[in-house]
Amino acid sequence: MLLEKILTCYSRFDTQIGYVQGMNFIGGAILYHSEEYMAFWILVMILDMLGMKDVYLPGPIHLVSLMNFLVDLPGLSKHLEIIEILLLQHHPDIYKTLVILF
């Protein structure tokens, strides 16, 4: 019941994204370690201040090169591109293996 309240409050707090699938895992993990009001504000901080909100924003379709699939979430595409660059720079062997597999 507490998780439902937190997620409902967030969906009303941020009407741009509202509630999206998977948000319950983040909210539930936070709620497990904190009180209800703190869990709400920590969720707000993670999504808004730490740049994770853009993962859930809809937008134009992008091709994610390493994974070779189309994504209609530009924020997710951005984060996947960052991971791809970091892999290429710091673990080129793993990057090459992933390129071969995908």
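**S34 and its surroundings**

I began with the contacts of S34 in this predicted model, and, leaving aside residues up to four places away in sequence, I found that S34 touches A39 and I42. I placed S34 in the loop between α2 and α3, and I then looked up the accessibility of S34, which is 17% in relative terms and therefore counts as buried, the cut-off being under 20%. I also followed the side chain of S34, which reaches the backbone oxygen of I30 at 2.9 Å.

**Helix α3**

I turned next to α3, which runs over residues 36-49. Its 14 residues reach 19 Å from the first C-alpha to the last, close to the 20 Å expected at 1.5 Å a residue. Which residues of α3 are buried? I noted A39, F40, L43, V44 and L47; looking down the axis of α3, I saw that these buried residues fall within an arc of 140°, so they line one face of the helix. As a reminder to myself, an α-helix has 3.6 residues a turn, so residues three or four places apart point the same way. On the face of α3 turned away from the buried side I found the exposed residues Y37 and M49, whereas the cover over the buried residues includes α1 (2-13) and α2 (23-33). Beyond the helix I checked G51, which follows α3 and has a positive phi, near 80°.

**Aromatic pairs**

I searched the whole structure for aromatic pairs and recorded 4. One of them joins Y10 and F13 in a tilted arrangement, with 6.1 Å centre to centre and 45° between the planes. These two residues lie 3 apart in helix α1, and Y10 and F13 are thus separated by about one helical turn. F40, already listed among the buried residues of α3, has 12% relative accessibility.

**The protein as a whole**

Of the 102 residues, 31% count as buried, and the accessible surface comes to about 7,000 Å², of which 67% belongs to carbon and sulfur atoms. Among contacts between residues at least 6 apart in sequence, I noted that 42% join residues at least 24 apart.

Technical notes. Residues numbered from 1 in each chain as written. Predicted model: local features only at pLDDT ≥ 70, side-chain atom pairs only at ≥ 80, totals over all residues. Heavy atoms only, no water. Buried < 20%, exposed > 50% of the residue type's maximum accessible area, 1.4 Å probe, protein only. Contact = heavy atoms within 4.5 Å. Areas by Shrake-Rupley, 256 points an atom, 1.4 Å probe, with all protein chains shown as cover. Helix = DSSP H or I, 4+ residues; strand = E, 2+ residues; numbered from the N terminus. Expected span 1.5 Å × (residues − 1). Arc of directions from axis to C-beta. Polar contact = N/O pair within 3.5 Å; in protein donor to acceptor, adjacent residues only side chain to side chain. Phe/Tyr/Trp six-rings, centres within 6.5 Å; stacked < 30°, edge-to-face > 60°.
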